[in-house]
Amino acid sequence: MKKFVLFCGFLLILGLVTHAQDGTLDSTFNSVGFKQQSGFYGSNVTCAVQPDGRIIVAGKNNQNKRVVMRFLQNGTPDSTFNLTGIVNSTHPIGNYLDAYKVLIQPDGKILVIGQAFDASFKNRVCVNRYNPDGTADATFGASGMVQLGAIGVESDLAFDAALLSSGKFVVGAYSLESNSGVYKYSVIRFNTDGTVDPSFDVDGIA
């Protein structure tokens, strides 16, 4: 049941803000004002609303794969998104962790920012980009995915991101520098194709 709680909270808030002015649940959203959906595992789920009102929700499943779902304004799964309303993205070594931010580009493409294990099983910043129909965007990184190398010694965790007017995007992250708990904070700027922008602080990372 834990895996439903945060997800339902996001959709409940969206329903309240969008329609209900008096604080009651909005019955035009899934008839009851909230939506429970299986497929997510863990405590972190993130979401964003497209300009047309459709809702993108991202997290991970119990196999640690990145999960992205799209819902219509009324709370039903959007069958035009990967035919089923859901995409499960795999990783070359099979180890995805939580998604922490969803960004909707002006062209409708979807960025999902979080982290994944590298070959040494240390967290590294990882970004997926999807076309509006839910397919992986082949023009972004390797088959729609970019994973950075090490910024910190032990691990790197992405927790926020924002789009820039130029089409580039920035990711805020923090790195664990030692097992004793020394942390450093980073901002990474990406070009539209997923490469790190070397015009930002020489190597793209400040």
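Helices (H or I, at least four residues) and strands (E, at least two) are DSSP runs, numbered from the N terminus. This is a predicted model, in which local features need pLDDT of at least 70, side-chain atom pairs count only at pLDDT 80 or more, and totals for chains, interfaces and linings use all residues. Residues are numbered from 1 along each chain as its sequence is written, and side-chain values use heavy atoms, with hydrogens and water left out.

**Overall fold**

The protein chain holds 1 helix and 11 strands. Along the sequence, the order is α-β-β-β-β-β-β-β-β-β-β-β. Of its 206 residues, 47% are buried (under 20% relative accessible area; exposed is over 50%, partly exposed in between; 1.4 Å probe, protein chains only). The chain exposes about 9,800 Å², and carbon and sulfur atoms supply 56% of that area. Accessible areas come from the Shrake-Rupley method with a 1.4 Å probe; for residues, only the protein chains shown count as cover. A contact means heavy atoms within 4.5 Å. Among contacts between residues at least 6 apart in sequence, 43% join residues at least 24 apart.

Most residues other than glycine have a negative phi.

Phenylalanine 121 sits in the loop between strand 6 (110-117) and strand 7 (123-130). Valine 202 falls in the segment after strand 11 (183-190).
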